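Me: Got a structure to go through with you. Can we keep it quick?

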There are 2 protein chains.
Amino acid sequence: MKASSLAIWSIKCPRKLLQAATIPNKLLMGPGPSNMTSEINQSLSQPLLGHLHREFLEVMDDVKDGIKYAFQTENPLTFAVSGSGHAGMECALLNLLEPGEKLLVVENGIWGARAADLGKRLNFQVKKVSVPLGQAITLDAFEKAVEDYHPDVVFVCHGESSTGVCQPLEGLGNICRQRNSLFLVDTVASLGATPFAADYFQVDCVYSASQKVLNAPPGLAPISFSPRAQYHHTGLISLNYSLRTALAQLALEGISTSVDRHYKNVHILYSCLEQLGLELYVNRKEWRLPCLTTVTVPERYVAADVVSFMMNKGIEIGGGLGGTAGKVWRIGTYGRNSSVECIERTVHCLQEALEACAGNRK
Amino acid sequence: MKASSLAIWSIKCPRKLLQAATIPNKLLMGPGPSNMTSEINQSLSQPLLGHLHREFLEVMDDVKDGIKYAFQTENPLTFAVSGSGHAGMECALLNLLEPGEKLLVVENGIWGARAADLGKRLNFQVKKVSVPLGQAITLDAFEKAVEDYHPDVVFVCHGESSTGVCQPLEGLGNICRQRNSLFLVDTVASLGATPFAADYFQVDCVYSASQKVLNAPPGLAPISFSPRAQYHHTGLISLNYSLRTALAQLALEGISTSVDRHYKNVHILYSCLEQLGLELYVNRKEWRLPCLTTVTVPERYVAADVVSFMMNKGIEIGGGLGGTAGKVWRIGTYGRNSSVECIERTVHCLQEALEACAGNRK
């Protein structure tokens with residue numbers, strides 16, 4: 001048989017595909033992904049292994065230990081889901097609840113809304129307790145909501161990347177435990193930049209993502225919870241190399257030092273933004289994410305114009321998302337991008353953009 | 001605030017994580033993944049971009065064109081699902097059917113069984129038409145099953161990697177179209193090595209995976225079907241670079257030339273296996289996959305011993321899966337691994353293994 005002589009081939013080879021893609025170097029200061037470090041980049045080029053080979057299982061063990069460290073948990077069922085942070089959310093909700101069970105969602109932005117939506121599609125009984133955009137829920141409001149609804153699971157987004165709010169976690173886990181609810185926390189946009197410790201905060205399930213503070217490529221969602229599911233498919237080999245490297249870099253710096261650095265540098269960003277006459281979107285300082293800063297767009301600007309201007313200079317910042325669309329800019333300072341140099345380049349470019357785009361909306 | 005002074009940090013940094021992982025080079029001749037080519041490997045190290053950046057959208061466009069070429073389809077809704085081949089199956093079934101609708105599964109091995117199982121979990125009305133392991137369904141049996149059940153969707157696995165069967169597709173699509181059923185085909189272990197053309201075979205939905213014949217790392221599942229779903233999450237940036245490179249290499253060689261090469265080389269493998277006195281598991285030649293060969297394990301061998309022996313020499317072949325567990329060895333000749341040199345190394349090692357392991361089972 002000579003396949004090339006068959007009548008089935010009618011779609012021609014796309015010529016453009018044969019030219020190598022040119023991928024420019026950009027500074028990714030938006031809500032994510034962030035830039036890879038060179039070590040992580042190099043780790044992607046390790047040779048492939050089968051996902052059940054001893055050497056890969058060792059990489060997975062190291063990744064598991066690294067995630068336990070990053071989450072600060074001794075939870076045995078800790079691993080990386082193959083997929084984006086959203087896959088982490090799906091994995092968590094699918095495994096914690098059965099159809100008909102009760103999910104309470106603290107909605108402080110788009111990720112709470114997304115969890116509630118997903119919960120409805122999965123046929124859970126979903127109740128939302130909403131706080132105004134740019135705010136976090138108080139301990140009292142949280143306690144009342146849990147007491148009133150008796151949920152099986154409570155969902156809280158720690159780092160709400162659509163508003164820049166960092167939800168304080170102290171005391172929430174205890175309330176859940178006393179009411180016999182499971183405490184589920186989304187740390188996609190906060191892990192490694194804000195103080196988080198799953199065991200200390202009495203978190204029953206937590207997930208994050210590889211492409212924010214960890215500086216790995218998107219594709220893996222660290223997750224930790226009690227054993228209730230089994231898994232079988234081809235592991236994302238190369239991504240695990242890079243996640244391993246990302247976690248090693250976090251361990252090398254020390255997680256609390258990493259957190260300190262994010263806090264220290266974001267205050268430099270705050271000062272720079274103030275000097276440009278801009279206002280931060282999150283009023284209460286203790287609610288601000290140190291790795292994702294939301295800036296209120298002044299009246300006379302079209303938010304997207306500034307984003308485009310900066311993108312043309314090779315620097316990405318983000319627009320708003322969900323309820324904050326058009327209202328804020330989102331500046332990410334994830335992992336290695338949380339540096340004075342990156343912040344200065346970004347602010348310098350933002351200043352140029354503000355001058356160029358002033359008055360686009362009267 | 002100084003995070004390092006907080007009381008929350010109790011999990012210590014895992015020391016082993018700080019030592020670089022040593023990943024050996026192995027020849028991956030099992031049922032998948034296969035080895036990356038050096039071009040694909042290098043493409044993984046391109047800098048990250050945001051998944052909505054123009055340059056990445058161009059990569060995605062190229063990937064889309066490349067997948068259309070690989071599937072031989074003009075279907076506009078053609079893209080890569082972020083995930084393994086299994087994610088492709090989930091994406092296909094979730095988007096083609098609603099709960100209560102009828103799914104007919106042709107079961108010729110584990111992947112049909114898996115699709116039926118998944119369909120049941122998704123609350124479809126699932127009916128299986130099973131053929132004995134190592135066989136493909138005939139046109140008559142297929143027509144009768146479709147006529148009797150009036151399914152909304154018919155699932156067929158083109159390359160059944162648990163048995164090595166390549167299901168002939170000629171005529172199946174026409175039967176589905178005449179009965180108003182959608183025709184869904186799994187090409188995870190066949191695409192690029194066997195003649196496949198979605199439009200020609202009247203396939204309504206087809207998915208594959210990146211880590212078999214395409215030689216890319218696992219993590220992306222090419223898929224093509226009519227628009228019924230929407231998608232939003234962080235794209236797997238680096239994996240798309242590598243998939244793009246993989247598709248470019250396929251385009252460069254020409255898909256039919258690639259198919260011819262797989263056929264030509266697998267016949268060399270057949271001859272070598274015969275010389276070793278081994279029998280192929282799939283009797284009918286026209287049902288054999290040219291990229292995944294199943295070999296009947298002779299009486300006096302423990303299948304796993306041979307696999308372990310070879311693995312210790314740095315060459316992976318696979319054992320059976322599902323109904324073929326313990327009964328067959330599975331030798332993958334995917335993409336660049338379909339070469340005389342790779343086959344000779346594998347057969348040479350297999351010969352050594354057979355000599356070393358003879359008589360382990362009497």
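Reply: What follows goes through the chain contacts, a record site and some salt bridges.

Me: Fine. What kind of model is this, and what are the ground rules?

Reply: This is a predicted model: local features need pLDDT of at least 70, side-chain atom pairs count only at pLDDT 80 or more, and totals for chains, interfaces and linings use all residues. Residues are numbered from 1 along each chain as its sequence is written, chains are lettered from A and ligands numbered from 1 in the order in which they are written, and side-chain values use heavy atoms, with hydrogens and water left out.

Me: How many residues of chain B are in contact with chain A?

Reply: 83 residues of chain B are in contact with 83 residues of chain A. Contact means heavy atoms within 4.5 Å.

Me: And what area is buried between them?

Reply: About 6900 Å². Carbon and sulfur atoms give 67% of that. Buried area is the accessible area (1.4 Å probe) that two parts lose on being put together, summed over both.

Me: How many salt bridges across that interface?

Reply: The rule finds four. A salt bridge needs a side-chain nitrogen of Lys or Arg within 4 Å of a carboxyl oxygen of Asp or Glu. One pairs B:Glu55 with A:Lys26, with the closest N and O atoms 2.7 Å apart.

Me: Which elements of chain B each supply at least two residues to that side?

Reply: Helix H2 (54-71), helix H7 (237-253) and helix H8 (255-275) of chain B. Helices here are DSSP runs of H or I, at least four residues; strands are runs of E, at least two; both are numbered from the N terminus. H7(B) gives the largest share, nine residues.

Me: New topic. Where does UniProt place the "binding site" feature?

Reply: At A:Arg330, in an unreviewed entry. UniProt annotations may be inferred rather than shown by experiment. A:Arg330 is in strand S14 (residues 328-332) of chain A.

Me: Is A:Arg330 buried or exposed?

Reply: A:Arg330 is buried, at 7% relative accessible area. The cut-offs, for a 1.4 Å probe and protein chains only: buried is under 20%, exposed is over 50%, partly exposed is in between.

Me: What does its side chain reach?

Reply: The side chain of A:Arg330 reaches the backbone oxygen of A:Ser161 at 2.5 Å.

Me: Back to salt bridges. How many over all chains?

Reply: The search of the whole structure finds 26. One of the salt bridges joins A:Arg261 and A:Glu253, closest N and O atoms 2.7 Å apart. A:Arg261 is partly exposed at 22%, and A:Glu253 is partly exposed at 30%.

Me: What about B:Lys128 and B:Glu107?

Reply: Their side chains meet in a salt bridge at 3.5 Å, N to O. B:Lys128 lies in strand S4 (residues 125-130) of chain B and B:Glu107 in strand S3 (residues 102-107), so the pair ties together parts 21 residues apart in sequence. B:Lys128 is partly exposed at 37%, whereas B:Glu107 is buried at 16%.

Me: And where do B:Asp117 and B:Arg121 lie?

Reply: Both lie in helix H4 (residues 110-121) of chain B, four residues apart, about one turn of the helix. B:Asp117 is partly exposed at 34%; B:Arg121 is exposed at 63%.

Me: Which residues do shared partners join into one network?

Reply: A:Lys26, B:Arg54, B:Glu55 and B:Glu58.

Methods:
A polar contact is a pair of N or O atoms within 3.5 Å; within protein, one must be able to donate a hydrogen and the other to accept it, and residues adjacent in sequence count only if both atoms are side-chain atoms.
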